[in-house]
Amino acid sequence: MSERVLVQQLQGLADGPVSVSGWVETVRDQKKVQFVILRDETGAVQLVNPATREPADDADAAAEASLALTSTISELATGTFLTVHGVLKHDERVKLGGVEIKIGSLDIAAAALPETPIAADSGLDKRMDWRFLDLRQRRNNLIFRVQTTLEHAMRSYWIERDYIEVHSPKLMASASESNAELFSLEYFGDQTAYLAQSPQFFKQMAQVAGFGKIFEIAPAFRADPSFTSRHATEFTSIDAEISWIDSHEDVARMQEELLATAIAAVKAKHGAEIEELFGIEVQVPAIPFPRIPLAEAREIVKARGYEIPRTDGDLDPEGERQISAHVEETYGHQFVFITDYHPEIRAFYHMRDEETGLTKSYDLLFKGVEITTGAQREHRVDVLVEQAKEKGLEPEHLDFYLDFFRYGAPPHGGFGMGLARVLMLLLGQDSIREVTYLFRGPTRLAP
């Protein structure tokens with residue numbers, strides 16, 4: 001018996017016996033011949049069987065087996081998982097890869113119900129209800145191969161530069177950034193624990209622990225009752241933190257190198273298939289990315305005819321789209337760093353410039369959507385205490401964090417980036433739901 005062969009390997013094999021396993025995508029049950037499209041994790045192949053419809057009066061065992069095979073194929077439902085043993089034949093007339101397999105026998109692993117609950121035109125929520133079926137599509141399979149390549153390239157970038165990977169806890173005794181947007185849970189009866197909004201405090205702990213350069217790719221949680229296309233209550237956060245920086249500019253330079261490296265890896269491995277299935281040509285961004293101070297960005301947006309309704313001085317989503325359109329038109333670039341944010345709209349631990357009073361921080365926009373906040377952190381404990389008080393935070397509630405800085409700390413900074421947002425924009429999708437394996441939002445906890 002032949003060992004299982006992946007579909008993508010078939011073109012490189014000689015004609016002869018072969019076994020492939022996967023699920024039934026379509027069945028064309030014609031009078032004289034039956035065709036089955038079988039798909040596995042690497043592609044699809046055409047299976048063919050000359051149909052035997054009527055038993056012969058003098059039928060032998062082989063004829064009976066042929067009749068039974070024809071009957072089995074006729075009854076196959078879309079989604080049935082099976083293994084086929086047959087004969088591989090190269091034939092350039094076969095549109096699907098130039099090969100086909102003449103079926104010798106079928107071993108059904110698990111039959112599917114005859115009625116599939118979703119179709120190609122089903123709405124997003126319906127498809128999310130049946131996500132395990134929705135993911136069988138070739139384009140959805142590609143999304144997560146792209147995600148794998150993207151993450152691997154980032155890890156490779158960091159590891160080659162001697163970064164340490166950390167796994168920070170997701171159960172916390174207090175808020176990681178603020179008291180808002182927290183999920184709380186009972187912790188052994190008389191204690192309350194919180195799901196981490198970000199690894200921020202623990203990334204900084206690694207700096208005062210002397211790790212120097214660290215990264216983490218892990219889940220984060222926000223109790224944000226938002227129903228936008230770019231928010232989730234559980235998401236994968238890509239974080240990095242580095243010591244001995246001069247300013248947030250050091251962090252920005254690292255991040256733009258990281259993204260250019262990762263996107264180049266995606267283009268090299270998946271570019272042609274992304275263009276085929278998503279109609280997107282992957283563009284590897286040039287370095288450096290454009291940088292625009294927030295005040296200047298607001299003036300540019302205003303000159304384009306859009307009045308930002310926010311009163312806190314930040315950009316709103318349409319403002320982000322407008323400034324990104326300006327950057328695309330002016331610089332031909334899909335990324336832009338917006339810098340120099342006022343302390344009122346930044347976290348208490350962002351360092352402030354002594355001359356301007358603005359924070360040494362940035363947001364990174366990709367195709368008009370914010371994907372990152374980065375900053376130099378304040379490492380002087382007395383300054384941290386005062387800035388926390390300004391934000392209405394009680395320093396005693398932050399003692400475990402402030403203790404990090406009472407025994408020495410290097411100048412440091414880092415960023416947090418949403419993986420799903422990067423994938424959504426890279427592949428031209430309208431919602432992070434499309435690029436999240438299993439989405440979690442205010443009204444979705446299943447499947």
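The model is predicted. Strand β2, made of residues 33-40, is mostly covered, with eight of its eight residues buried, and it pairs in the antiparallel sense both with β1 and with β3. Elsewhere, helices α4 and α6 have axes that come within 9 Å.

**Strand β2**
- In a regular strand the side chains alternate between the two faces of the sheet.
- In β2, Val-33, Phe-35, Ile-37 and Arg-39 point one way, while Gln-34, Val-36, Leu-38 and Asp-40 point the other way, and all of these residues are buried.

- Strand β1, residues 16-29, runs antiparallel to β2 and is joined to β2 by six bridges, with Val-24 standing opposite Leu-38 of β2.
- The two strands β1 and β2 form a hairpin, and three residues lie between them.
- Strand β3, residues 43-50, pairs with β2 over eight bridges in the antiparallel sense, and within this pairing Gly-43 of β3 stands opposite Asp-40.
- The link from β2 to β3 is also a hairpin, made through two residues.

**Helices α4 and α6**
- The axes of α4, residues 138-160, and α6, residues 248-278, come within 9 Å and cross at roughly 155 degrees; because angles over 145 degrees count as roughly antiparallel, α4 is roughly antiparallel to α6.
- The crossing in which α4 passes α6 is right-handed, and the contact of α4 with α6 has, by class, 18 nonpolar, three polar and seven charged residues.

Technical notes. Residues numbered from 1 in each chain as written. Predicted model: local features only at pLDDT ≥ 70, side-chain atom pairs only at ≥ 80, totals over all residues. Heavy atoms only, no water. Buried < 20%, exposed > 50% of the residue type's maximum accessible area, 1.4 Å probe, protein only. Helix = DSSP H or I, 4+ residues; strand = E, 2+ residues; numbered from the N terminus. Pairing = 2+ DSSP bridges. Axes fitted to C-alpha atoms, helices over the stretch in contact; angles between N-to-C directions. Parallel < 35°, antiparallel > 145°, perpendicular 65-115°, else oblique. Left-handed = near helix turned anticlockwise from the far one by under 90°. Nonpolar A, V, L, I, M, F, W, Y, C, P; charged D, E, K, R; others polar.
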